[in-house]
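Hi there,

Here is the structure I promised to pass on.

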Amino acid sequence: MEQIIQCLSAFFACIGFAFVFRIHHHPRFAIIGSLGGSLGWIIYLLTIQSYGDVLANLIAMSCVALYSEIMARLLKAPATIFIIIGCFPLVPGKGIYQTMLYLIQGNNDLFVSSLLNTIAIAFALALAILLVSTLFKVIKVIKTSAKKVSS
Amino acid sequence: MNEHELFKCIGEIGRLLLRHSAEIYRVEESLKRMCKSYGFKDIGVFALPSYFTLGATLHDGSSPSIIIRTIQNRTNLDCVYELNNLVRYICQYQPDENYIKKEIERIKNLPEKMKLVFLGYGIGAGFFAVFFGGGLSEFVAATIIGFITYFVVWLHEILEINALVRTMVTSMILSACAIISYHFHLIHLLQSTIIGCLMVLVPGMAITNSLRDIMSGDYISGQARMLEAFLTATAIALGVGSMLVLLKGLI
C-alpha cells in the first residue's frame with residue numbers, strides 16, 4: 001500500500017515540477033515525463049532488495065533514460081525534457097538532508113558513510129544517462145552508415 | 001536573402017537555447033547544423049554553460065563571428081522544444097531570415113503562465129512530502145511552504161541575486177517554516193516535510209547534464225556543471241543545517 005502511494009505521489013510531484021520548469025503549452029510532455037518518474041520509482045522498489053541502493057538507482061535511472069529517449073524519438077522532442085522531469089524521484093534529496101543532519105549531530109561515522117552514499121548515487125544517475133545516450137548515439141551512427149552503404 | 005542577417009538570427013537561436021538550459025552539445029550541434037544547411041564554410045563553434053562563439057565564412061567571402069554571453073539562466077523546457085523544432089525546420093527547408101525572425105519573436109513571446117508555476121511549486125513540494133512518508137498534515141504544510149518558496153524565488157529573480165545565495169536563503173526560509181509548524185504541532189514528521197520542500201532546489205538537472213557533456217568531449221562544461229551540482233547541494237545543506245541549529249529550541 002505504501003509503495004502504491006509513493007508511486008502515485010511521485011507522479012503528481014513530477015507534474016508539479018514540470019510546471020515549475022515551464023512545460024505549459026504541451027501537457028502531454030508533462031504527463032509522459034511524470035510517468036517516467038513513477039516508472040523509475042517502481043523499478044527502484046523492485047530492484048533495491050536484491051541489488052542494494054546504488055545499483056538499484058543505476059538500473060532505475062537507466063530505465064528512465066531509455067524510456068525518455070524512446071519517447072523523444074516517437075514525439076520528436078529533445079530527450080532532456082523527459083529526463084529532467086523523470087529523474088526527480090531518484091535524485092538524492094534525502095541523502096543531502098541526512099548527510100547534513102549527521103554533520104550537525106556530530107555523528108561522524110554516519111556522516112561520512114551517508115556523504116559517500118549520496119555522491120555514489122549522484123554518479124550512478126549520471127552514469128546511467130551516459131550509458132543510454134551512448135547506446136542511442138551508436139545506433140544512430142550505425143543507421144546512417146547503413147544508409148550510406150545501401151545507397 | 002541577406003546572409004549577415006541570417007547569421008545573426010542563427011546566433012540568436014543559439015543564445016536562446018543556451019539561456020533556457022539546453023545541453024551544451026545540443027547548442028553546438030544545432031548551430032553547426034544550421035550553418036551547414038545554408039552552405040556556410042569553416043564553421044567554428046565553442047560553447048560553455050554561459051557563453052558561446054560562432055564563426056563561419058559566408059558565400060560572399062566575409063567571415064563574421066558572434067560572441068555571446070548569457071549570465072541569467074532560466075530553465076524553460078517549452079522554449080527548448082520549440083527551438084528544437086525550429087532548428088529542425090531550418091535544416092530541412094532553409095527559410096529566409098524574415099521567417100526565422102518571426103519565429104524567434106513568437107518563441108520569445110510564448111506566454112509564461114505564472115499561475116501554473118506557482119501551482120507547480122505547491123504540488124511538487126506537497127506530493128514529495130507524501131513521497132517521503134508524510135501524511136495529510138505534512139502534505140498541506142509542504143504545499144503551503146511550496147507556495148512561499150515560489151515568492152522567495154520570484155523575489156530573488158527580480159533582485160538578480162546569484163543562484164547559490166538564492167538556494168541557501170530559500171532553503172533557510174522553508175526549513176524555518178517547517179520547524180515552526182512542527183513546534184506548534186501542525187505536522188508530526190519534520191524530516192519528510194523539509195525534504196519534500198527542498199526537492200525543488202536539488203540540482204537534478206546539473207547532475208544529469210554534467211556527464212552527458214563530458215561524454216561528448218566538453219570537459220570544461222561538464223566540470224562546470226558538476227561544480228554547480230556540488231555547490232548547490234552544499235548551499236542546501238548549509239541553509240537547512242543553519243536553521244536546524246539556530247532553531248534547535250523549537251524542535
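Predicted model: local features only at pLDDT ≥ 70, side-chain atom pairs only at ≥ 80, totals over all residues.

**Cysteines**

A disulfide is a covalent bond between the sulfur atoms of two cysteines. The search of the whole structure, over all chains, found zero disulfides. For A:Cys63, the nearest cysteine sulfur belongs to A:Cys7 and lies 14 Å away, whereas a disulfide would need the two sulfur atoms within 2.5 Å. B:Cys197 is in no disulfide either: its nearest cysteine sulfur, that of B:Cys177, is 8.4 Å away. With 1% relative accessibility, B:Cys197 counts as buried.

**A covered helix in chain A**

Next, have a look at helix H4 of chain A, residues 79-86. Eight of its eight residues are buried, so the rest of the structure largely encloses this helix. The run starts with A:Ala79 and A:Thr80, goes on through A:Ile81, A:Phe82, A:Ile83, A:Ile84 and A:Ile85, and ends at A:Gly86.

In chain B, strand S2 (residues 51-57) is mostly covered, with five of its seven residues buried. S2(B) pairs with two strands that I would like to point out. One partner is S1(B), residues 41-48, in the antiparallel sense and over six bridges. These two strands form a hairpin, with two residues between them, and B:Phe46 stands opposite B:Thr53 of S2(B). The other partner is S3(B), residues 65-69, again antiparallel, here over five bridges. There, B:Leu54 has B:Ile66 in S3(B) as its bridge partner. As a reminder for viewing, side chains in a regular strand alternate between the two faces of the sheet.

**A nonpolar patch on chain B**

Finally, which residues make the nonpolar surface patch of about 730 Å²? They are B:Met114, B:Phe151, B:Trp154, B:Leu155, B:Ile158, B:Leu159, B:Ile161 and B:Val165. Helix H6 of chain B (residues 136-159) gives the most to this patch, namely five residues. B:Met114 sits in another element, helix H5 of chain B, which spans residues 114-131. Its relative accessible area is 30%, so B:Met114 is classed as partly exposed.

Best wishes

Key. Residues numbered from 1 in each chain as written. Chains lettered and ligands numbered in written order. Heavy atoms only, no water. Patch = residues over 30% accessible without salt bridge, like charges linked within 9 Å, V, L, I, M, F, W, Y side chains within 5 Å. Areas by Shrake-Rupley, 256 points an atom, 1.4 Å probe, with all protein chains shown as cover. Salt bridge = Lys/Arg side-chain N within 4 Å of Asp/Glu carboxyl O. Helix = DSSP H or I, 4+ residues; strand = E, 2+ residues; numbered from the N terminus. Buried < 20%, exposed > 50% of the residue type's maximum accessible area, 1.4 Å probe, protein only. Pairing = 2+ DSSP bridges.
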